[in-house]
Amino acid sequence: MAEIKKYDVIIVGAGPAGMTAATYASRAELKTVMVDQGIYGGQMNNTAEIENYPGYNQIMGPDLSEKMYASSTQFGAEYSFGSVSGIDILDNQEKVVHTDMGDLQAPVVIIATGSEHTHLGVPGEEDYQGKGVSYCAVCDAAFFKGESVSVVGGGDSAVEEAIYLANIVKDVTVFVRGDQLRAQPILQQRAMKKENLRFVYNTSVTAIQGDGEEVQSVELVNNKTDERSTFETAGVFIYIGLKPNTTALESLGITDQQGWVQANEKMETKVPGIFAAGDVLAKELRQITTAVGDGGLAGQAAYNYIAANRSEA
Ligand code: NAP
């Protein structure tokens, strides 16, 4: 059996919350590892321009990821690939984090697994993923140069990414299920100035169709009149909200009914030694700035927890 790797702090997730927690924990001389199933940076990697992160008037998401990663590892925190399948708590309160790359053990775990884009759940969506259906304009916009694409949603993500797409593709049609946008006014105003971007309200996408190889059209329904129609489009970018990445945590009993992790203002969950930070939390505002704040608090809380337990021992 492979030897279990031991740390002071295991951080699950290496987005802005996890990376900031790693900076704080490792700077406090705790042996720290971040474990993530993908590249560090989390959703920042899917974000084009960020202009509400202090210190930068404007920065590309992947560039901010690189800078945060450099900060998070400068005091010796490690970064490790691995998909976490569960967390067990031993009798001595040590936690064992099970990953597909082996088990890790520490007295403290910080959950910073973030969230992922909700899927529409319509026919064709799964079949055409990577063939025209996308949840990442930054990753996929370039495939649609000179073509017409659609966006589904009406929040900050849909409008922000529609603007980004409009700079690259021929034209963008945003399907909004209700009669108004939820996005911040500044984003709405910018979108309205784009001549190749239009909004279609009260309209839901009910199916995504193609020739088996690529998307060709979407089926629509007008939610007021029930009128159905077909709209030709080469790509469908879906931005209809977020869901928490917490399926591996269910047995801990630290999530609410929707799956978001519940923690107090010290980032403590109800399990001693398990803290949480960032978008995975049940909270009001999911932003990079708030994730970073949570991460700092969680990293410091990890230090306080370990210091208290060492002095008791
Ligand atoms: P969101 O704010 O939850 O908005 C989801 C949008 O999708 C809403 O317009 C909603 O319509 C629509 N929607 C939900 N289910 C749908 C369905 N089945 N079919 C069609 N439309 C559907 O999600 P988000 O835009 O992904 O943003 C997530 C979080 O990140 C938010 O807190 C947001 O503020 C933040 N964010 C911030 C920035 C920024 O500050 N620059 C950028 C991106 C994201 P209804 O309005 O009808 O419910």
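Domain 1 (5–116 + 242–312) and domain 2 (133–238) each supply at least three residues to the shell around the ligand, the domain bounds coming from an automatic or database domain assignment. This is a predicted model, in which local features need pLDDT of at least 70, side-chain atom pairs count only at pLDDT 80 or more, and totals for chains, interfaces and linings use all residues. Residues are numbered from 1 along each chain as its sequence is written, and side-chain values use heavy atoms, with hydrogens and water left out.

The ligand is surrounded by 18 residues (each with a heavy atom within 4 Å of it), and the closest are Asp156, Ser157, Glu160, Arg177 and Arg182. Helix α4 (residues 156–166) contributes the most to this shell, namely three residues (helices are DSSP runs of H or I, at least four residues; strands are runs of E, at least two). By class, five shell residues are nonpolar, eight polar and five charged, with Gly counted as polar.

| Residue | Protein atom | Distance |
|---|---|---|
| Glycine 155 | polar backbone atom | 3.3 Å |
| Aspartate 156 | side-chain N or O atom | 2.6 Å |
| Arginine 182 | side-chain N or O atom | 2.4 Å |

Taken alone, the ligand exposes 910 Å², of which the protein buries 76% (Shrake-Rupley method, 1.4 Å probe).

The second largest pocket is lined by 16 residues, and Glu3, Lys5, Met101, Gly102 and Asp103 lie nearest its centre. A pocket is an open set of points on a 1 Å grid over the protein atoms alone, where a 1.4 Å probe fits, with protein on both sides within 12 Å along at least five of seven lines; lining residues have an atom within 4 Å of a point. Strands β3 (32–36), β6 (78–81) and β9 (102–106) each give two or more residues to this lining.

Terms used:
Polar contact = N/O pair within 3.5 Å; in protein donor to acceptor, adjacent residues only side chain to side chain.
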